[in-house]
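The sequence and the model come first.

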Amino acid sequence: APVKPTTMGAAPVCGRKTSGTEPGLRQEILELQKKIEVLNAQLAARDLPVADSTASTAVSMAPSLQRAAWKASEQASKLSLPSVLTDVGGWSPTEETPRSFTGPIAGPLNDILEHLWPRISAWATEVIINEVGPALRAALPSQLQGLDFDRDRCHLGEKPLQFRRVKISDGKKQTAEGISENILFRCRLEWDADLSVYLKIAGAGFGIKGLTMRGQLLLELVRMISRPPMFEGVRMFFLDAPSLDLSFSGTAGELLNLGVVRRRIVEVVQAQLSARMVSPHHLGFKLVPWADIFSITCPPPEGILTITVSRADNLLPMDVNWFGK
């Protein structure tokens with residue numbers, strides 16, 4: 001059956017601000033609708049009698065044309081103005097994002113990140129070798145003093161982190177120094193990394209060869225000022241612990257990749273990440289020398305919510321004692 005082109009009413013989206021990109025979006029939707037009409041016309045060739053090579057070719061191409069029409073229709077529905085405006089101005093933090101979706105703000109950020117990624121990976125390698133390595137050797141017992149990172153196998157890989165949705169907003173916070181005007185980037189991200197972090201000792205070695213992470217990262221430019229760099233600092237954190245998974249390589253790779261062992265390692269990594277970058281914990285940096293790092297990394301809460309559980313029924317027996325659960 002012919003694919004119906006997506007139509008769009010002219011009524012504005014209630015409760016949402018219109019975007020300056022609205023005319024461009026309307027034009028793009030119209031172009032997609034014309035493309036659907038052309039594809040539907042080509043699909044009609046299926047009903048012609050196979051009397052010559054042209055009709056025969058049209059019949060053989062019908063399935064691919066149908067798929068192309070479906071794809072164009074799907075793109076038009078995704079680009080309908082209300083959904084795009086929802087992505088820009090009304091994204092709910094609890095809303096799920098399809099894995100294949102990339103919002104209009106996230107796309108250009110991904111392009112920039114792709115160009116910067118080789119340099120970011122090189123910087124990460126230097127941090128691992130020159131900062132993490134000495135700290136690790138200092139904390140190890142004498143029996144493991146030969147353990148060290150392999151420079152050639154420590155990098156972030158070629159697949160950069162991907163932003164899926166980005167919402168930008170401004171806000172004011174009351175601090176000890178007065179009102180702080182901030183800009184907040186709320187980012188839903190995914191990273192299917194081909195990174196490598198490899199440790200070697202006495203001719204053997206093991207390490208991480210892949211990582212998968214998904215979560216919601218908040219990056220906040222803190223305390224606006226009237227001269228470059230325009231902000232006193234930056235802080236970043238996750239609202240909830242991101243989902244993580246790891247894969248291992250090397251001599252102990254098979255053991256570390258076992259389900260129980262890998263889950264325990266992931267739990268430890270998530271616990272360490274939560275202690276540093278999951279709200280109310282923040283990772284922060286000063287952009288100017290006079291900034292107060294405490295006000296950047298420890299912003300005052302909006303409030304305190306106290307919950308008292310008065311009763312619970314039909315709970316699973318999860319408490320472990322000498323006699324079982």
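## Conventions and model

Helices (H or I, at least four residues) and strands (E, at least two) are DSSP runs, numbered from the N terminus. By that rule, Leu258 is placed in the loop between helix H5 (253-256) and helix H6 (259-277).

The model is predicted, so local features need pLDDT of at least 70 and side-chain atom pairs count only at pLDDT 80 or more, whereas totals for chains, interfaces and linings use all residues. Residues are numbered from 1 along each chain as its sequence is written, and side-chain values use heavy atoms, with hydrogens and water left out.

## Chain totals

The chain has 7 helices and 8 strands. Of its 325 residues, 35% are buried; here buried means under 20% relative accessible area, exposed means over 50%, and partly exposed is in between (1.4 Å probe, protein chains only). The accessible surface of the chain is about 21000 Å², and carbon and sulfur atoms account for 60% of that surface. Accessible areas come from the Shrake-Rupley method with a 1.4 Å probe, and for residues only the protein chains shown count as cover.

Contact is defined as heavy atoms within 4.5 Å. Taking contacts between residues at least 6 apart in sequence, 66% join residues at least 24 apart.

Strand E5 covers residues 204-224 and contains Glu220. Strand E6 (residues 231-238) is mostly covered, with 8 of its 8 residues buried. E5 and E6 pair in the antiparallel sense over 7 bridges; two strands pair if DSSP finds at least two bridges between them. The two strands form a hairpin with 6 residues between them, and Met230 in the turn has a positive phi of about 75°.

E6 also pairs with strand E8 (residues 283-286), in the antiparallel sense and over 4 bridges. In this pairing Met236 stands opposite Leu283 in E8. In a regular strand the side chains alternate between the two faces of the sheet.

## Surroundings of Glu220

Is Glu220 buried or exposed? Glu220 counts as buried because its relative accessible area is 7%. Its bridge partner in E6 is Arg235.

With Asn182, Glu220 makes a polar contact between side chains, at 3.1 Å. A polar contact is a pair of N or O atoms within 3.5 Å; within protein, one must be able to donate a hydrogen and the other to accept it, and residues adjacent in sequence count only if both atoms are side-chain atoms.

## Salt bridges

Side chains of opposite charge can pair when their charged atoms come close. With a salt bridge taken as a side-chain nitrogen of Lys or Arg within 4 Å of a carboxyl oxygen of Asp or Glu, a search of the whole structure finds 10 salt bridges. One of them joins the side chains of Asp148 and Arg137 (2.7 Å, N to O). Asp148 lies in strand E1 (residues 148-149) and Arg137 in helix H4, so this pair ties together parts that are 11 residues apart in sequence. Asp148 is partly exposed, with a relative accessible area of 27%, and Arg137 is partly exposed, also with 27%.

Arg164 and Glu190 form another salt bridge, with their closest N and O atoms 3.3 Å apart. Arg164 belongs to strand E2 (residues 162-175) and Glu190 to strand E3 (residues 178-193), so the pair ties together parts 26 residues apart in sequence. Both residues are buried. In the salt bridge of Glu177 with Arg223, the closest N and O atoms are 3.6 Å apart. Glu177 lies in the loop between E2 and E3 and Arg223 in strand E5, so that pair ties together parts 46 residues apart in sequence. Glu177 is partly exposed at 45% relative accessibility, whereas Arg223 is buried at 13%. Glu177, Arg223 and Glu232 are linked in a network of salt bridges.

## Surface residues

Leu109, Ile112 and Leu116 form a nonpolar patch on the surface, with about 240 Å² of accessible area together. Patches are made of residues with over 30% relative accessible area and no salt bridge: like charges are joined within 9 Å, and nonpolar side chains (Val, Leu, Ile, Met, Phe, Trp, Tyr) within 5 Å. Ile112 lies in helix H4 (residues 106-139) and is partly exposed at 49% relative accessibility.

Leu258 is partly exposed, with a relative accessible area of 46%. Its C-alpha atom is separated by 9.7 Å from that of Ser247, 11 residues apart along the chain.
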